[in-house]
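Q: I have a model open and want to learn to read it. Where do we start?

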Amino acid sequence: MNSIATDAQARDALKAGARVGLKSDKITITGGNPLKGRISVRGAKNLATKAMVAALLGETPSILRDVPDISDVQVVRGLLEVYGVKVSSPAPGELRFDTSNVEKAHFAEIDAHAGSSRIPILFCGPLLNRLGEARIPDLGGCRIGDRPIDFHLDALRAMGAIVDKSYEGIYITAPDGLHGANIHLPYPSVGATEQVLLSAVRAKGTTELTNAAIEPEIMDLIAILQKMGAIISVEPNRVILIEGVDRLEGYKHRALFDRNEVASWAAAALATHGDIFVEGAQQSELMTFLNVFRKVGGAFDVEEDGIRFYHPGGELKPVTIETDVHPGFMTDWQQPLIVALTQAPGISIVHETVYEDRFGFTEALNEMGANIVVHKQGLPDHPRRVARRDFEQAAVITGPTKLTGADVRVPDLRGGFSYLIAALTAEGQSTISNVGIISRGYEHFVDKLAVLGADFVFEG
Ligand code: EPZ
């Protein structure tokens, strides 16, 4: 029995968009209940936060709808307010940004608000365009690799920025303003693509970006910039052309839904033999995930207002998947799915080709009874669509294995959600600590667990 709310109270809380501030950082889950019910997913963490930064570029106010109540959004809101942006919330899930008074901020204030986020690096372009300078503190973000920003800084330098690194962070200026450039990314980096988009839209001249990321969140950001007055064309073969313009206006936009959250709840339905309707999920941005979900033995029904994910009975099936850039299988989807793969008879392989250290979370799963072996060297090479960086890892999962409850500590955002799934699947009780990290990217996840019938105690 969960302690945070009865199902009706939780459902009312969800409807009212109540904010669940995670005061405690521990949740104790008793496994065995299939997750069943209906939840809704709002805007994507990896779009909404960038759309908020884009508002800085507008000379007039912007409105963003379907903003999730997650701590990464709070971090970006705090940073915008440090720079003088007036942020208000006219309705649940809606933010309004008034940028009529953008001003320089003290580094200590910026650093105090940067939090565990990587988004501050995306403030460079808008701040250079508005203030002629940007101070970026050391970045946070999930510890799933060393997360360098060389592609970002090289792109800014190509557009005329001067980058000074100091022990505090990075100080960037552009005395003559930013100008268009031909920029080639060594790898289709999502963040570096966003960096170029947010910088080139107000630069003098045209920028040609090659080997760009084209994730749906990138396309949604381009739609926002186009609404503001930008001229951006997405050419064949990952080429994006940006013609700099003199002025951008505010936007009104409803954020794209969060594909990563949908995939996480779908994996939870599979692992717990459950049946979850995820309101707001759309098929077109999830095609690759849905194919894998079906191959593993899951079933789904696409409706107009969302997608139903369920375990149809019978055995799950082992699969071999390789993470990739869009439209491949997203790296953010593998961690929750691996828990379901521990329940499939046979050998599954997950080849992680985007990050160099994204399998650390599997150690705790092995403590719970899983059989996952991580190969640091990855799998023998074979021709790929996108040139690979020189590191890869592979997790070999042998199932089915019975999971038993354990005390575990959340290592990163998606690994943390995979621990929720493992605890829900395991026999007995698990205590998961450091769950605050999960609220960085999963809106009201404790309320949603309550609505779906999970058995837990959370001293929230
Ligand atoms: C974004 O991270 C997402 N985060 C990540 O989601 C997601 O996994 C990733 O894109 C890939 O889709 C946000 O949008 C906030 P990258 P980002 O630049 O932009 C290397 C989650 O769970 N690289 O595409 O940081 C990098 O080290 C998070 O929601 C450089 O070498 O990812 C990585 O190996 C996790 N130099 C690869 O490129 C650079 O300058 C892809 O990184 C930049 C990146």
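A: This is a predicted model. Six of the eight residues of helix α5 (residues 124-131) are buried, so α5 is largely enclosed by the rest of the structure.

Q: Which residues of α5 are buried?
A: Buried means under 20% relative accessible area. In α5 that applies to Cys124, Gly125, Pro126, Leu127, Leu128 and Asn129.

Q: What covers the buried residues of α5?
A: Look for elements in contact with them. The cover includes helices α2, α6 (150-158) and α7 (190-200), along with strands β6 (133-137) and β8 (169-173). Check the end of the helix too.

Q: Which residues meet between α2 and α3?
A: From α2 come Lys45, Thr49, Met52 and Val53. They meet Asp72, Val73, Val76, Arg77 and Leu80 of α3. By class, this contact has five nonpolar, one polar and three charged residues.

Q: Now zoom out. How is the chain divided?
A: There are two domains to find: domain 1 (7-42 + 257-458) and domain 2 (45-254). Their centres, taken over C-alpha atoms, are 29 Å apart. Domain 1 puts 33 residues into the contact, and domain 2 puts in 29 residues.

Q: How many residues does the largest nonpolar core have?
A: A core is a set of buried nonpolar residues joined through side-chain atoms. The largest one here has 156 residues, and Leu225, Trp265 and Phe309 have the most contacts inside it. Helix α9 (residues 259-271) gives the most to this core, with nine residues. Both domain 1 and domain 2 give residues to the core, so it lies between them.

Q: What does Leu225 touch?
A: Skip residues up to four places away in sequence. Leu225 then touches Ala54, Leu57, Leu197, Leu198, Val201, Ala230 and Ile232.

Conventions. Residues numbered from 1 in each chain as written. Predicted model: local features only at pLDDT ≥ 70, side-chain atom pairs only at ≥ 80, totals over all residues. Heavy atoms only, no water. Contact = heavy atoms within 4.5 Å. Helix = DSSP H or I, 4+ residues; strand = E, 2+ residues; numbered from the N terminus. Nonpolar A, V, L, I, M, F, W, Y, C, P; charged D, E, K, R; others polar. Core = buried A, V, L, I, M, F, W, Y, C linked by side-chain atoms within 4.5 Å. Buried < 20%, exposed > 50% of the residue type's maximum accessible area, 1.4 Å probe, protein only. Domains from an automatic or database assignment.
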